[in-house]
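Here are my notes on the model, as numbered points. Have it open beside you while you read.

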Amino acid sequence: TAVNIPLMRIFQSFRSTKRYASKVLKEGRMTHFTKGDAKRKCLWWRLTTKSLCFYKSKDSTPALAEISVREILSVEPANGAATAAQPSQQSSSNWTPHCFTIRTTTELMYCGENGGGGASVGPSETASWCEAIRNAIMPVKESQATTTATTVETEVKKADDEAKTPTSASKMDDATDGLVEKPKVGELYQIYSDEVLGSGQFGVVYAGVHRLSGKEVAVKVIDKVRFPTKQETALKNEAAILKNVNHPGIVALTDM
């Protein structure tokens, strides 16, 4: 009947909770120094879907340091940094010794070498690192998708249950709509695109974690192009109800 869950759906949800090794997105040698330590270091960087690791060399282990991608707040090119179209000019008033910055919850890193020296990393390479790290931080683009987050209390993560996508549609949200820009789900939660918990006709459910608290969540991304416009109202009503439901057998809706 319509109220029964097909056995295949249960089987697929159980299998999809298996953890896999993080996928390597980019690796290579890069230089950096920090706000607390001005000594420039030249290390082997390895970026995965979950962390940015620093090694003495390509084949050395263990990592000298590791930064979780959820701790990275922003990646920005430096003012005065060289580009492929505009070479570095050290005599320029806005010249900086680095090419881009990485701001984390605890540190500010100055990365790359802005011209000069045989060990410097060129503009094209630093630009590709900026793009790669940004994609790792925000693997799911929200321009054509609706993302919703639900808390996870069990190891299985109840992927099939949370596939009922949420929306935070409260009276307070409606009253402040347009006055204060609400942070996107991807800015509040780190989404792990290589950990698919489940999928349906209109979206995919990924594992994720709250950037500040570290609490595990399940995030469903709905394809707005495929989702019927006439069902948006029903979706918001369902989300408003789920937002106020507190039951150990129901995955809690936390955000949208």
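1. Salt bridges first: the count comes to six, taking a salt bridge as a side-chain nitrogen of Lys or Arg within 4 Å of a carboxyl oxygen of Asp or Glu. Bear in mind that this is a predicted model, where local features need pLDDT of at least 70 and side-chain atom pairs count only at pLDDT 80 or more, while totals for chains, interfaces and linings use all residues. Residues are numbered from 1 along each chain as its sequence is written, and side-chain values use heavy atoms, with hydrogens and water left out.

2. Have a look at Glu125 and Lys26, which form a salt bridge with their closest N and O atoms 3.3 Å apart. This pair links distant parts of the chain, since Glu125 sits in helix α2 and Lys26 in strand β1, 99 residues apart. The cut-offs here are under 20% relative accessible area for buried, over 50% for exposed and in between for partly exposed, with a 1.4 Å probe and protein chains only.

3. Glu27 has a salt bridge too, with Arg46, and the closest N and O atoms are 2.9 Å apart. Glu27 belongs to strand β1 and Arg46 to strand β2, so the pair ties together parts that are 19 residues apart in sequence. Glu27 is partly exposed at 33% relative accessibility; Arg46, at 17%, counts as buried.

4. Next, Glu195 and Lys50, whose side chains meet in a salt bridge at 2.8 Å, N to O. Again the pair links distant parts of the chain: Glu195 is in strand β9, Lys50 is in the loop between β2 and β3, and they are 145 residues apart. Glu195 is buried, with a relative accessible area of 5%, and Lys50 counts as buried at 18%. Salt bridges that share partners join Lys50, Asp194 and Glu195 into one network.

5. Now the sheet. It is open, has seven strands in the order β4-β3-β2-β1-β7-β6-β5, and its pairing is antiparallel; two strands pair if DSSP finds at least two bridges between them. β4 (65–68) and β5 are the edge strands, each pairing on one side only. On average, neighbouring strands are turned by 30° against each other, direction ignored.

6. β7 is worth a stop. With β6 it forms a hairpin that has three residues between the strands, and the two pair in the antiparallel sense over four bridges. Among the opposite residues, Phe100 faces Cys111 in β7, and Thr101 has Tyr110 of β7 as its bridge partner. β1 and β7 also run antiparallel, joined by three bridges, and there Thr34 stands opposite Met109 in β7. Leu108 and Tyr110 point one way from β7, Met109 and Cys111 point the other way, and all are buried.

7. Last, the cores: a nonpolar core is a set of buried Ala, Val, Leu, Ile, Met, Phe, Trp, Tyr and Cys residues joined through side-chain atoms within 4.5 Å. The largest has 23 residues, of which Trp45, Phe100, Ile102 and Ile133 touch the most other members. Two or more residues come from each of β2 (41–48), β3 (51–55), β5 (72–77), β6 (100–104), β7 (108–111) and α2 (123–137), and α2 gives the largest share, six residues. Another core lies apart from it, with eight residues, including Val140, Ile191, Val219 and Val221.

Key:
Axes are lines fitted to C-alpha atoms, for helices over the stretch in contact, and angles run from 0 to 180 degrees between N-to-C directions.
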